[in-house]
Amino acid sequence: MNIIEIIMSSGKTSVDVALYTLIPVMVVMFIIMKYLEVKGALDAIARFLSPVLRPFGVSGLAVFTLIQLNFVSFAAPLAALAVMEKRGISDRQLAASLAMLFAMGQGNVFYPLITYGLHWGDALAISIIGGLAASAVTYYFFGRKLSLKTLDENNAGLPGDKSSTSLISIINTAGADAIRLALGSVPMLILSLSIVGILKSAGMIEALTALLEPVLTGLNISDVYVLPALTKMLAGGTAYFGIVSELFNKGVITSQQINASAGFMIQTLDLPGIGIFLGIASRFVRLFRYAIPGALVGIVVRGIIHVAIF
C-alpha cells in the first residue's frame, strides 16, 4: 500500500470534481437562487406554500430551508435555521424542521449527478415527499410531547441581504459564495477519499463486502453500493459524489443504480451533516433525539419510492 500515491490520486479526483463539476453547476444555481431571493420570488413562494405545508409541521422559515436544501446545497439552510432558533420557534417545530432537512437530498449533490444520469425532477419530488413525511411523523408522533410555545410569532420573514439588487452584484456575490463553498469542500474531500482509499488498499472494503454479501444477496442488493455508502456515512455528500463519479467513469456503477439508490444515499444524515446542523445552537443538540427517528422514516420512504420507480 503506497499511501502517498493514494493521497495524490485522491487529491487529483477532488480537484477535478471541484473545478469541473461543482463550481460550474453551483455558480449557475447560486446566481439563479440569489436573483430569485433578491427579487422576492422566494418570499412569495414561501408565503404561498406555508398554508399548504403547515399540516406537515412545516411553516414560515422552514419552507425556505426546504427550498434552499433541495435547490442550493446542504449549507444553504444554516442561516435560516439560526434565525429560527433566535426567534424562539417552538421545540416541536424545530425538531420537525431538523428531521425534514436530514431526510431530504441536497442540491450540491443532485445537480452534479445530472451529468451521470440522475433523473433530477423525480429525485427532487421524491426528496420533498420524504422530507414532508419526516417532518409530519416527527411533529405528530416522535416530538408530540415537545413544547409548541413560540417566543416570537412573527416568523414569516426570510433571511438574506437584499440591499444589493443590481444584476452584476448578484452575479458577483452568488458566484463568489458558490466558488467558496465548492473549494471549501476540497480539503474534506481529499481527506475522506484518502481514508477510503487506504481502507480499500488495506482490504477492509473487500472484507466488509464479503461480510455483508449473504445479507446483500438475500435482499437482492448489489455490492457496488458498499463503498459509496461507507463514504457517504463517514465523509458526506460531496465525498459520495466523488466516489460515485469515479465508479461511473470506470463503468462499475450505472445511471440506473445511481437513480435506484438515490433515496437512501443522497441525504444529509451523515457525520458531517449531523455535526454542521447540530453546531448551530445547543437547542438542536437537545432536539436531535426527537428528529432522528423521523428523519429515518423519511429516508426509508424516499428509498422505497426510488427502488420502486427505478
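**Helix packing, salt bridges and surface**

Reply: Happy to! Helix H3 and helix H4 cross in a left-handed way. One thing to keep in mind is that this is a predicted model.

Me: At what angle do H3 and H4 pack, and how far apart are their axes?
Reply: The angle is about 165 degrees and the axes are 9 Å apart. H3 covers residues 61–71, while H4 covers residues 78–86.

Me: Is that parallel or antiparallel for H3 and H4?
Reply: Roughly antiparallel, because angles over 145 degrees fall in that class.

Me: What about H12 and H13, what's their packing angle?
Reply: Helix H12 (residues 237–249) packs on helix H13 (residues 255–265) at about 165 degrees, and their axes are 12 Å apart. That makes H12 roughly antiparallel to H13. The crossing of these two helices is right-handed.

Me: Which residue can you tell me about within H13?
Reply: Ala 262 is in helix H13. Ala 262 has a relative accessibility of 0%, so it counts as buried.

Me: Is H6 mostly covered or mostly open?
Reply: Mostly covered: 7 of the 8 residues in helix H6 (residues 107–114) are buried.

Me: Which ones are buried in H6?
Reply: They are Gly 107, Asn 108, Val 109, Phe 110, Tyr 111, Pro 112 and Leu 113.

Me: OK, switching to charges. How many salt bridges are in the whole structure?
Reply: A search of the whole structure turns up 6.

Me: Which residue does Arg 286 pair with?
Reply: Arg 286 forms a salt bridge with Asp 91, and their closest N and O atoms are 3.1 Å apart. Arg 286 is in helix H15 (residues 282–309) and Asp 91 is in helix H5 (residues 91–103), so the pair ties together parts that are 195 residues apart in sequence.

Me: Are Arg 286 and Asp 91 buried or exposed?
Reply: Arg 286 is partly exposed, with a relative accessible area of 42%. Asp 91 is buried, at 13% relative accessible area.

Me: Which residues make up the network that includes this pair?
Reply: Glu 85, Asp 91, Arg 283 and Arg 286 are linked in a network of salt bridges.

Me: And Lys 232, which residue does it bridge to?
Reply: Lys 232 forms a salt bridge with Asp 270, with the closest N and O atoms 2.6 Å apart. Lys 232 sits in helix H11 (residues 226–235) and Asp 270 in the loop between H13 and H14, so the pair ties together parts that are 38 residues apart in sequence. Both Lys 232 and Asp 270 are buried.

Me: Nice. What does Lys 250 form a salt bridge with?
Reply: Its partner is Glu 246, and the closest N and O atoms of the pair are 3.3 Å apart. Lys 250 is exposed, with a relative accessible area of 57%. Glu 246 counts as partly exposed, at 27% relative accessibility.

Me: Last topic, the surface. Which residues make the nonpolar patch?
Reply: Val 15, Leu 19, Tyr 20, Ile 179 and Leu 183 make a nonpolar surface patch of about 450 Å². Helix H1 (3–38) and helix H8 (167–184) are the elements that give two or more residues to this patch.

Me: Which helix gives the largest share of the patch?
Reply: H1 does, with 3 residues. Val 15 is found in helix H1, and Val 15 counts as partly exposed at 35% relative accessibility.

Me: And Leu 271, where is that?
Reply: Leu 271 is in helix H14 (residues 271–278). Leu 271 is exposed, with a relative accessible area of 55%. From C-alpha to C-alpha, Leu 271 and Leu 19 are 25 Å apart in space, and they are 252 residues apart in sequence.

Definitions and conventions
Residues numbered from 1 in each chain as written. Predicted model: local features only at pLDDT ≥ 70, side-chain atom pairs only at ≥ 80, totals over all residues. Heavy atoms only, no water. Patch = residues over 30% accessible without salt bridge, like charges linked within 9 Å, V, L, I, M, F, W, Y side chains within 5 Å. Areas by Shrake-Rupley, 256 points an atom, 1.4 Å probe, with all protein chains shown as cover. Salt bridge = Lys/Arg side-chain N within 4 Å of Asp/Glu carboxyl O. Helix = DSSP H or I, 4+ residues; strand = E, 2+ residues; numbered from the N terminus. Buried < 20%, exposed > 50% of the residue type's maximum accessible area, 1.4 Å probe, protein only. Axes fitted to C-alpha atoms, helices over the stretch in contact; angles between N-to-C directions. Parallel < 35°, antiparallel > 145°, perpendicular 65-115°, else oblique. Left-handed = near helix turned anticlockwise from the far one by under 90°.
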